[in-house]
Amino acid sequence: SQFKMYEISKTDEEKIKWLQLSAGNGNEKAYHFLAFYYCAHDKDYKNAIKYYKKAIDVNEIYTYTKTNLALMYIQYIEVRDLQEAEKLLEEVKEEQANFWFINHCYGVLYYIKENYEKSKEFFEKTCQESDLKRYYRGYEKDILRGIDLMKDNRKWSQSIKFFKDVGELDI
């Protein structure tokens with residue numbers, strides 16, 4: 001299949017070509033991966049949103065797509081829409097209440113809203129998830145350290161630099 005060709009492609013150009021062909025046939029994963037590519041590699045948030053929405057149209061219960069789109073709406077100033085992000089996160093919570101990534105998304109959301117206690121609470125929940133990958137658990141603990149830095153006003157600039165370095169803040 002075209003999606004299989006994407007998986008074995010060596011260059012980004014080949015991967016995009018096969019993803020676009022597969023997406024043209026309505027493959028939700030192809031839409032998802034195109035969106036992720038446009039967001040992470042090209043910083044083309046408008047195209048990323050378009051492809052995430054197409055993936056949701058094909059399969060509205062694809063939780064990774066909804067959480068990735070919500071995180072885009074939270075993280076990137078160019079497309080920030082906290083209400084839409086919360087709506088997507090609530091849908092995911094209703095569909096799959098135990099989805100571990102949702103706690104991370106809420107942690108970032110409350111950080112952006114400057115509710116640091118609530119943000120920390122969600123990041124701590126993420127650290128406790130049993131199916132969380134080992135490397136990601138370390139990342140969440142780093143975020144908790146960043147939140148602790150924020151509490152000390154003298155270290156505010158350190159905290160902002162930290163969150164920009166780990167890619168959780170776009171200011």
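The axes of α4 and α5 come within 9 Å of each other and cross at roughly 150 degrees, where axes are lines fitted to C-alpha atoms, for helices over the stretch in contact, and angles run from 0 to 180 degrees between N-to-C directions. That angle makes α4 roughly antiparallel to α5, because angles over 145 degrees count as roughly antiparallel, those under 35 as roughly parallel, those from 65 to 115 as roughly perpendicular and the rest as oblique. On the α4 side the contact is made by Y45, A48, I49, Y52, K53, A55 and I56, and on the α5 side by T65, K66, N68, L69, M72 and Y73, contact meaning heavy atoms within 4.5 Å. In passing α5, α4 makes a left-handed crossing; a crossing is left-handed if the near helix is turned anticlockwise from the far one by less than a right angle, and right-handed if clockwise.

The structure is a predicted model, in which local features need pLDDT of at least 70 and side-chain atom pairs count only at pLDDT 80 or more, while totals for chains, interfaces and linings use all residues. Residues are numbered from 1 along each chain as its sequence is written, and side-chain values use heavy atoms, with hydrogens and water left out.

The protein has 10 helices and zero strands, with helices (H or I, at least four residues) and strands (E, at least two) taken as DSSP runs and numbered from the N terminus. Read along the sequence, the pattern is accordingly α-α-α-α-α-α-α-α-α-α. Of the 171 residues in the protein, 46% are buried, a term that stands for under 20% relative accessible area, with exposed meaning over 50% and partly exposed in between (1.4 Å probe, protein chains only). The accessible surface comes to about 9500 Å², and 48% of it belongs to carbon and sulfur atoms; these areas come from the Shrake-Rupley method with a 1.4 Å probe, and for residues only the protein chains shown count as cover. Among contacts between residues at least 6 apart in sequence, 45% join residues at least 24 apart.

The largest nonpolar core contains 43 residues, of which L34, L69, M72, I74, L89 and Y106 touch the most other members. Such a core is a set of buried Ala, Val, Leu, Ile, Met, Phe, Trp, Tyr and Cys residues joined through side-chain atoms within 4.5 Å. At least two residues of this core are supplied by each of α2 (12-24), α3 (28-40), α4 (45-58), α5 (63-75), α6 (82-95), α7 (101-112) and α8 (116-128), and the largest share, nine residues, comes from α7. When neighbours within four places in sequence are left aside, L69 is in contact with I49, Y52, K53, I56 and L88.

Two further helix pairs involve α3. Two packed helices are described by the angle between their axes and the distance between the axes. For α3 and α5, the angle is about 20 degrees and the axes are 11 Å apart, and these helices are therefore roughly parallel to each other. Their contact is made by H32, F36 and C39 of α3 together with Y64, T65, N68 and M72 of α5, and the crossing is left-handed. For α2 and α3, the packing angle is about 140 degrees, with the axes 8 Å apart, and the two helices are therefore oblique to each other. This crossing, too, is left-handed, and its contact is made by D12, I16, L19, Q20, S22 and A23 of α2 and by A30, Y31, F33, L34, Y37 and Y38 of α3.

T63, placed in helix α5, is buried, with a relative accessible area of 6%, and, not counting residues up to four places away in sequence, T63 touches V92, E95, Q96 and F99. The loop between α3 and α4 holds H41, which is partly exposed at a relative accessible area of 49%; the C-alpha atoms of H41 and D12, 29 residues apart along the chain, are separated by 9.8 Å. K43 also lies in the loop between α3 and α4 and counts as partly exposed at 48% relative accessibility, and its phi is near 55 degrees, a positive value in a residue other than glycine. In the loop between α7 and α8, E114 likewise has a positive phi for a residue other than glycine, near 65 degrees, and E114 is exposed, with a relative accessible area of 55%.
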